[in-house]
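Reader: I am new to this structure, and I would like to learn how to read it. Could you take me through a few features, one at a time?

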Amino acid sequence: MTLLTEVEGGVFDLFSFQNISNSNGWAFAALGISIDIAGLAILSLIVSRVPRLVALLEKIGSLLKKAPVQPRKKQTVKSQPDNLLAAGINDLATVYKSLTDPLGDVFQLSEVYRAAEENGLPHPHLTIKALRESGMLVSEGNGLFRWRR
């Protein structure tokens, strides 16, 4: 294939090997290939490090989310059976009534839940639900409850 171009002083064959050599065309071709291969190698290195980078970012994020935990102040419970799970509903009511004494006759269930958690009682949500279903805790309306009399 020949592409002839007219330049000063005559006709010039653009793609002849002699003209490529005279204009450092082989060096430019080698430089271009080297730049391409180097770019692909750098891109490959970056892509291979993405999983480690993501893991590092997740670790940093989890460390930033952790807030210092302050120990809760424990209240004393008047009487607490050793195994509340095996206790009957009346025993549970006795323990939970002792927690609600400072709250007064009418209280919110969230206050009972918080007091039970502070005292380390197991499964306060399930226990409060069982006390409600057994009729031990009676609704007064507006989110307030009292003990059955």
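Author: Gladly! Let us begin with bends: the bend at a residue is the angle between axes fitted to the seven residues ending there and the seven starting there. In this predicted model, helix α2 has a kink of about 40 degrees at V50, shortly before the proline P51.

Reader: What span should the 41 residues of helix α2 have, and how far apart are its end C-alpha atoms?

Author: Count 1.5 Å a residue: α2, residues 25-65, should then span 60 Å. Its end C-alpha atoms are 58 Å apart, which agrees.

Reader: How do I read the way helices α3 and α4 cross?

Author: Look at the angle between the axes; 65 to 115 degrees counts as roughly perpendicular. Here α3 (residues 89-100) and α4 (residues 109-118) cross at roughly 105 degrees, with axes that come within 9 Å, so α3 is roughly perpendicular to α4.

Reader: Which residues make the contact?

Author: From α3 they are Y96, L99 and T100, and from α4 they are V112, A115 and A116. Five of these residues are nonpolar, one is polar and none is charged.

Reader: Is H125 buried or exposed?

Author: Exposed means over 50% relative accessible area. H125, which lies in helix α5, has 57% relative accessibility and therefore counts as exposed. Its C-alpha is 6.7 Å from that of Y113, 12 residues away in sequence.

Reader: And how many helices and strands does the chain have?

Author: There are five helices and five strands, in the order β-β-α-α-α-β-α-α-β-β along the sequence. Of the chain's 149 residues, 19% count as buried.

Notes:
Residues numbered from 1 in each chain as written. Predicted model: local features only at pLDDT ≥ 70, side-chain atom pairs only at ≥ 80, totals over all residues. Heavy atoms only, no water. Axes fitted to C-alpha atoms, helices over the stretch in contact; angles between N-to-C directions. Helix = DSSP H or I, 4+ residues; strand = E, 2+ residues; numbered from the N terminus. Parallel < 35°, antiparallel > 145°, perpendicular 65-115°, else oblique. Contact = heavy atoms within 4.5 Å. Nonpolar A, V, L, I, M, F, W, Y, C, P; charged D, E, K, R; others polar. Expected span 1.5 Å × (residues − 1). Buried < 20%, exposed > 50% of the residue type's maximum accessible area, 1.4 Å probe, protein only.
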